[in-house]
Amino acid sequence: MPVPAGFVFNPSDQDLLWYYLAPKVLGRRIPDKAAVKETDIYHVDPDRLTINTRSSDGKWDYFFVRRDLSEKSRRTPNGFWKEVGEVESINAVFLGGIIGFKRSFVFVEGTEDDPGAITRWEMAEYRLNQERHLLRNDDNPERNNYVACRVYLENEPISECTVDSACRQDAEEEEDDDDNENTEVDSSGVRK
């Protein structure tokens, strides 16, 4: 089915869980199969993923991943996804409670033992609340291992500054500029 001109697929967290992940887990029809691709993103570095051009800037996409939920590691060939922040609960008023959970990650080059640079790649991983019978597949429990992931390239570049002399120097220059703005100058151009 062709995508209408100007269409951007950007569902809310609730919509992604209710209209896409829940049907995937329960083996039901998904509204737009092309919107969320099934790919094992943990076997591919994020810069090698085919990003969908239906996003507003072509820099994010949604994926279904069937993973071992007991495994904590999210390693790729050249790096790993590092969890950041707290796990968020996603509520749905129409169901009267929590329908799923969202975790945030950043992609780090290297290994957990020898991490390298944090990249601009980020990911949100969504899973259903398996305690809700309505959101669990009891007939085919293997399907309960599906998660939905939103992988995207953060727009803001990561600061190259660490606590080193270059950053301190920049801060000192800014302070000097502030001091100069507050200095009075007489008619001969001499600072008072």
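Trainee: Which residues does Leu21 touch, leaving out residues up to four places away in sequence?

Mentor: In this predicted model, Leu21 touches Leu16, Phe64, Tyr126, Arg127, Leu128, Tyr146, Val147 and Ala148, where a contact means heavy atoms within 4.5 Å. Residues are numbered from 1 along each chain as its sequence is written, and side-chain values use heavy atoms, without hydrogens and water. Local features need a pLDDT of at least 70 and side-chain atom pairs count only at pLDDT 80 or more, whereas totals for chains, interfaces and linings use all residues.

Trainee: What makes a set of residues a nonpolar core?

Mentor: The set must consist of buried Ala, Val, Leu, Ile, Met, Phe, Trp, Tyr and Cys residues joined through side-chain atoms within 4.5 Å, and buried means under 20% relative accessible area (exposed is over 50%, partly exposed in between; 1.4 Å probe, protein chains only). The largest such core has 24 residues, and Tyr20, Leu21, Val36 and Phe64 have the most contacts inside it. Its largest share, 6 residues, comes from H1. Apart from it lies another core, of 14 residues, among them Phe63 and Cys149.

Trainee: Which stretch has a pLDDT below 50?

Mentor: The pLDDT is the predictor's confidence in each residue, from 0 to 100, and the protein chain averages 78, with 71% of the residues scoring at least 70. Over residues 157-178, however, the pLDDT is below 50, and beyond near neighbours in sequence this stretch has 8 contacts in the model. Where pLDDT is low, the predicted coordinates should not be read in detail.

Technical notes: Helices (H or I, at least four residues) and strands (E, at least two) are DSSP runs, numbered from the N terminus.
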